[in-house]
Amino acid sequence: MEIKKVGVVGAGVMGIGVGQSLAQNGMEAVLVDISEEVLDRARAEIRKNLRFQGMFQKDAKKEDPATVLGRIHFTTLLEDLGDVDFVVENVPEKWEIKSQIYPKIDAICPERAVFAVNTSCYSIPRVGALTRRPDRVIGMHFMNPVPLKPMVEAIRGHHTSEATIETARQFLRQMGKDFILVNDMPGFVSNRVLMLTINEAVYVLQDGVATPEQVDQLFKTCFGHKMGPLETADLIGLDTILYSIEVLHESYNDSKYRPCPLLKKMVDAGLHGRKNGKGFYDYGIS
Ligand code: NAD
């Protein structure tokens, strides 16, 4: 089945990237968030990204940003998801928010629609249990920035059917992406390892062992990583990092996932990283 129309719930860092990627690959997207103000910001961000990418694109696929943006319907109404083939949910990594979305979209969306949970750490059956379609719920951990990352970590929940995995494969192929399919446990593969690394890097900083620049330089020059852990944290969003490590702490009941107090302090102070201009580094006000 070709996927034509996709619901994207949450228009933050990930929802913007998913919506843009869908539209650039010829699909229709319905991008839902809680206010017109957030949607205006999302529209402006996508327009900026398209113009920027256009400057470096020489191929025949280059499209006018207005044509691409025309494939995205920006709305505050979940009811607009009544005829979508597929949903990617990207609301914050907070159970009280995620758990309110699923019963609603389950009632609104067509029975055939597959729900992809773009989560950093939540276990997929926990989300599937909020719906009457746990066999059509799959984890889809997109990488950031979504339009530039060809690989996705997909998570098979306890009830996820083979047909759903096939639909997810087809959906990602239409987006020009592929997946690595793993089994379900909180944090899956990537974030079970990455969140611990980032949290420990913040402890290193808190203990006065090194500056952020020194921490990141060590990973880049000694290990050949493209980005260090603190730059990566700023890219992801420090609030998302904190919520994710809290989910791991609660899920495994293991003190190795206790969030670093400095990370908590920075989130409380509104230092959320690139998305609002300041985290471990200063990005100016965007
Ligand atoms: P974000 O905070 O940037 O965006 C979340 C958006 O959801 C906000 O715009 C918010 O207004 C909106 N929202 C909140 N409640 C809503 C509701 N009831 N209905 C519709 N929209 C609502 O967060 P993000 O970084 O985009 O993360 C989204 C999800 O993706 C999280 O679960 C996160 O763990 C996961 N994720 C994030 C990254 C990353 O690098 N940031 C990578 C992979 C996965």
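Colleague: Does Gln20 count as buried or exposed, and at what relative accessibility?

Modeller: In this predicted model, Gln20 has its place in helix α1, and beyond its sequence neighbours up to four places away it touches Ile46, Asn49, Leu50, Gln53, Ile72 and Pro147. Buried means under 20% relative accessible area. Gln20 therefore counts as buried, its relative accessibility being 1%.

Colleague: Which helix gives the most residues to the shell around the ligand?

Modeller: The ligand is surrounded by 26 residues, with Met14, Asp33, Glu93, Lys98 and Ser120 as the closest, and by type the shell divides into 13 nonpolar, 9 polar and 4 charged residues. Two helices, α1 (13-24) and α4 (95-108), each supply at least two residues of that shell. The helix that gives the most, with 3 residues, is α4.

Colleague: Which element supplies the largest share of the largest nonpolar core?

Modeller: The largest nonpolar core has 36 residues, and those touching the most other members are Val6, Leu22, Phe86, Met140, Phe142 and Phe171. The largest share of this core, 5 residues, is supplied by α1.

Colleague: How many residues make up the other core that lies apart from it?

Modeller: Within the largest core, Leu22 is one of the residues touching the most other members, and, neighbours within four places in sequence aside, Leu22 is in contact with Val6, Val8, Met27, Ala29, Phe171 and Met175. Apart from that core lies another one, which includes Val215, Ile236, Met266 and Val267, and its residues number 27.

Colleague: With which side chain does the side chain of Tyr281 make a polar contact?

Modeller: Tyr281 is found in the segment after α11 (261-268), and with a relative accessible area of 18% Tyr281 is buried. Leaving aside neighbours within four places in sequence, its contacts are Pro212, Glu213, Asp216, Leu230, Glu231 and Asp234. A polar atom of the Tyr281 side chain lies 3.0 Å from the backbone oxygen of Pro212, while the side chain with which Tyr281 makes a polar contact, at 2.5 Å, is that of Asp216.

Notes. Residues numbered from 1 in each chain as written. Predicted model: local features only at pLDDT ≥ 70, side-chain atom pairs only at ≥ 80, totals over all residues. Heavy atoms only, no water. Near = heavy atom within 4 Å. Helix = DSSP H or I, 4+ residues; strand = E, 2+ residues; numbered from the N terminus. Nonpolar A, V, L, I, M, F, W, Y, C, P; charged D, E, K, R; others polar. Buried < 20%, exposed > 50% of the residue type's maximum accessible area, 1.4 Å probe, protein only. Contact = heavy atoms within 4.5 Å. Core = buried A, V, L, I, M, F, W, Y, C linked by side-chain atoms within 4.5 Å. Polar contact = N/O pair within 3.5 Å; in protein donor to acceptor, adjacent residues only side chain to side chain.
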